[in-house]
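Here is a short briefing for someone meeting this structure for the first time. Look at the sequence and the fold, then read on.

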Amino acid sequence: MEIKIIFDKNSLNGGYSTGWGISYLVNNNILFDTGEDWQYLSNNFRIMGVDISNIEKVVISHNHWDHANGLWELLNSRQGLEVFVCSGFGREFRDKVNKLNGKLEEVNKIRKLDENIFVTGEITGEYKSKYMPEQAMVLQTDNGISVLTGCAHPGIVDMLYLVKRHFPNKRMYFVGGGFHLMDKHREEIENVVNGFKELGVQKVGPSHCTGDYAESMFKKHYGNNFINLKVGRVIEV
Ligand SMILES: [Zn+2]
Ligand SMILES: [Zn+2]
């Protein structure tokens, strides 16, 4: 299965737009998050040769601008998209999707989006002491389970254990996205890396809000199995 890195903070070359937030395209038809700005996304789609008329579904990990802001123009350009959200995103978000003729799907528990592609549905999280529901995407291949996360506000290791409950006999192959460790103490970051090891995660792609120190720790522990999610790259899982 293929993951195209459409938007993130680093890129393969200067032609791509980079910035805050993420957007990853799975199998050319399911988009996970939409970055901070549609202009950046559309530029990168163009360079990577992605035809947005092939995109059928969009999963929004959580209701933060750097993950959802590209959605509104995307809905204008690509009518009738299915948009998978958590119920807890709030009324304003849902109304906006409906107004732009998106097909709103609220996900509360794990749900199949396509053959071997799932979304976890709402996992309760917290951001700046406020309720922040979030969902992750799960891909199942011969290599095992791969998980894509937006910011992982509910806690990346907790989220992975929750995913594992649904796929108890599968190994964890790849985990990539934002792990939100940039404001965490070193000891806490070490516990997270150990958590990954205990879960048997084979490859990691910490990016976005993971933070420099946490990224360097993952790099140290994972070596060649550390994957830099640069815009323009295509990751095979
Ligand atoms: Zn974020
Ligand atoms: Zn966030």
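Five of the six residues of strand S12 (residues 144–149) are buried, so the rest of the structure largely encloses this strand. Buried means 20 or more other C-beta atoms within 10 Å of a residue's own, exposed means 12 or fewer, and partly exposed lies in between, with C-beta atoms placed from the backbone. Helices (H or I, at least four residues) and strands (E, at least two) are DSSP runs, numbered from the N terminus.

This is a predicted model: local features need pLDDT of at least 70, side-chain atom pairs count only at pLDDT 80 or more, and totals for chains, interfaces and linings use all residues. Residues are numbered from 1 along each chain as its sequence is written, while chains are lettered from A and ligands numbered from 1 in the order in which they are written.

**Partners of S12**
- Strand S11 (residues 137–141) pairs with S12 in the antiparallel sense over five bridges; two strands pair if DSSP finds at least two bridges between them.
- Two residues separate S11 and S12, which form a hairpin.
- Thr141 stands opposite Gly144 in S12.
- S12 and S13 run parallel, joined by five bridges.
- Leu148 stands opposite Gly176 in S13.

**The loop around Asn169**
- Asn169 sits in the loop between helix H5 (156–166) and strand S13 (172–178).
- Asn169 is exposed, with 6 other C-beta atoms within 10 Å.
- The C-alpha atoms of Asn169 and Gly144 are 9.3 Å apart, although 25 residues separate the two along the chain.

**The seven-stranded sheet**
- Seven strands form an open sheet of mixed pairing, in the order S6-S5-S4-S3-S2-S1-S15.
- Strands S6 (103–106) and S15 (234–236) stand at the edges with a single partner strand each, so one side of each has no neighbour in the sheet.
- Strands S2 (residues 23–26) and S3 (residues 30–32) pair in the antiparallel sense over three bridges.
- Val26 has Ile30 as its bridge partner in S3.

**Helix H7**
- The buried residues of H7 (residues 212–222) are Ala214, Glu215 and Phe218.
- These three lie on the same side of H7, because they cover an arc of only 100 degrees around the axis; the arc is that of the directions from the helix axis to the C-beta atoms.
- Asp212 and Lys220 are exposed on the other side of H7.
- Gly223 follows H7 and has a positive phi, near 55 degrees.
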